[in-house]
Amino acid sequence: MDIIIIGAGPIGINCAIEAKKRGFTAIVLEKGVLVNSIYNFPTNMTFFSTSQLLEIGEVPFVSHDDKPTRTEALEYFRRVVSSWQLDVRTYTEVLGMQSEARGGYEVQTNKGTFSSKNVIICTGFYDTPRKLHIPGENRSKVKHFYNDPHPYVGQKIVVVGAANSACDVALETYYKGAEVTMVIRKDSIYKGVKYWIRPNIENRINKGEIKAYFNTEVIEIKEKSVILQTAEGCLEIENDFVLAMTGYKPNYPLFKKLGIDILDDSAKTLVHDPDTLETNLPNVYIAGVINAGLQTSKLFIENTRVHAQMILKAILES
């Protein structure tokens with residue numbers, strides 16, 4: 001095997017396509033399902049990007065509207081993998097990696113060991129939520145991923161956060177009959193919220209239809225309530241579910257297992273050459289949004305598609 005690719009998201013798939021174009025054999029290892037992050041997006045989600053900006057492998061992405069839905073994206077990437085006849089191994093979790101004496105790497109998974117000279121890591125960040133680290137966060141009523149509003153009909157829910165995901169969740173559950181309270185650390189909704197969402201959420205808050213506590217944090221989650229730390233002091237409110245839309249981060253424990261060095265800076269960026277995307281390990285590369293570390297709003301599918309070409313060029317020249 002010439003190349004092992006860890007992660008079957010859009011960029012991992014694109015790397016496999018670029019490898020095939022250049023005559024390399026490649027295998028893609030994915031711990032979950034194909035495009036696992038997109039699969040875990042909210043059921044009714046619409047992308048901010050256009051379908052054209054999400055295209056890879058010269059496979060046209062045709063959607064009903066300019067901005068495709070989650071369902072359309074899942075169908076599209078299934079079609080891409082089928083069209084290119086890529087070797088994608090889903091439900092194959094990478095557990096570690098070791099250097100081989102003859103050169104190259106041995107990648108250990110829950111379904112056996114794979115060997116290759118080159119490894120490309122494209123694990124994204126959506127699978128690893130940013131935790132609140134407060135008492136009660138492990139209760140079953142706390143959700144870090146949101147799929148559908150139906151379970152929350154008639155329920156008292158707390159939405160933690162003020163960015164796009166939090167606002168989307170607050171609005172969708174409110175419209176389906178939930179009693180929604182938003183808990184926001186700062187004094188306003190995040191300035192980068194989508195332009196068609198921001199006026200709606202602000203109007204709902206201003207009219208009191210969605211309750212919002214600004215400059216506030218959840219400090220404890222109880223069975224039937226949550227405790228908030230507000231500017232005026234502690235407050236306990238009734239609660240059935242907590243939807244913690246606090247963002248996500250790269251899988252740093254996995255990177256440490258693989259031997260990838262991490263810079264000691266605020267972004268916790270993985271050590272890599274900006275021109276080749278090679279890490280501190282020879283012939284081990286990183287692609288996609290993980291290149292930005294904790295700055296998860298800096299890179300997206302559309303501006304990281306070029307990573308596959310950069311890496312394959314480096315492999316060809318090595």
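## Antiparallel sheet

Strand 5 (residues 105-109) pairs with strand 6 in the antiparallel sense over five bridges; strands are DSSP runs of E with at least two residues, helices are runs of H or I with at least four, and both are numbered from the N terminus. Two strands count as paired if DSSP finds at least two bridges between them. Val107 has Phe114 in strand 6 as its bridge partner.

The open sheet holds three strands in the order 4-5-6, with antiparallel pairing. Strand 4 (94-99) and strand 6 (112-116) are the edge strands, each pairing on one side only. From one strand to the next, the twist averages 20°.

## Basis of the model

This is a predicted model, in which local features need pLDDT of at least 70 and side-chain atom pairs count only at pLDDT 80 or more, while totals for chains, interfaces and linings use all residues. Residues are numbered from 1 along each chain as its sequence is written, and side-chain values use heavy atoms, with hydrogens and water left out.

## Helix 1 and helix 8

Helix 1 (residues 10-21) and helix 8 (residues 306-317) have axes that come within 9 Å and cross at roughly 40°. Axes are lines fitted to C-alpha atoms, for helices over the stretch in contact, and angles run from 0 to 180 degrees between N-to-C directions. The two helices are therefore oblique to each other (under 35 degrees is roughly parallel, over 145 roughly antiparallel, 65 to 115 roughly perpendicular, and the rest oblique). Helix 1 passes helix 8 in a right-handed crossing; right-handed means that the near helix is turned clockwise from the far one by less than a right angle, and left-handed anticlockwise.

In helix 1, Asn14, Cys15, Glu18 and Ala19 meet Ala308, Gln309 and Leu312 of helix 8, contact being heavy atoms within 4.5 Å. The residues of this contact divide into four nonpolar, two polar and one charged. Ala, Val, Leu, Ile, Met, Phe, Trp, Tyr, Cys and Pro count as nonpolar, Asp, Glu, Lys and Arg as charged, and the others, Gly among them, as polar.

## Helix 5 and helix 6

Helix 5 and helix 6 pack at about 60°, with axes 10 Å apart, and their crossing is left-handed. Cys167, Ala170, Leu171, Tyr174 and Tyr175 in helix 5 meet Asn200, Ile201 and Arg204 in helix 6. This contact has six nonpolar residues, one polar and one charged.

## Salt bridges

The whole structure contains 12 salt bridges, each a side-chain nitrogen of Lys or Arg within 4 Å of a carboxyl oxygen of Asp or Glu. Lys194 forms a salt bridge with Asp168, with the closest N and O atoms 3.8 Å apart. Lys194 lies in the loop between strand 10 (179-183) and helix 6 (198-206) and Asp168 in helix 5 (residues 164-175), so the pair ties together parts 26 residues apart in sequence.
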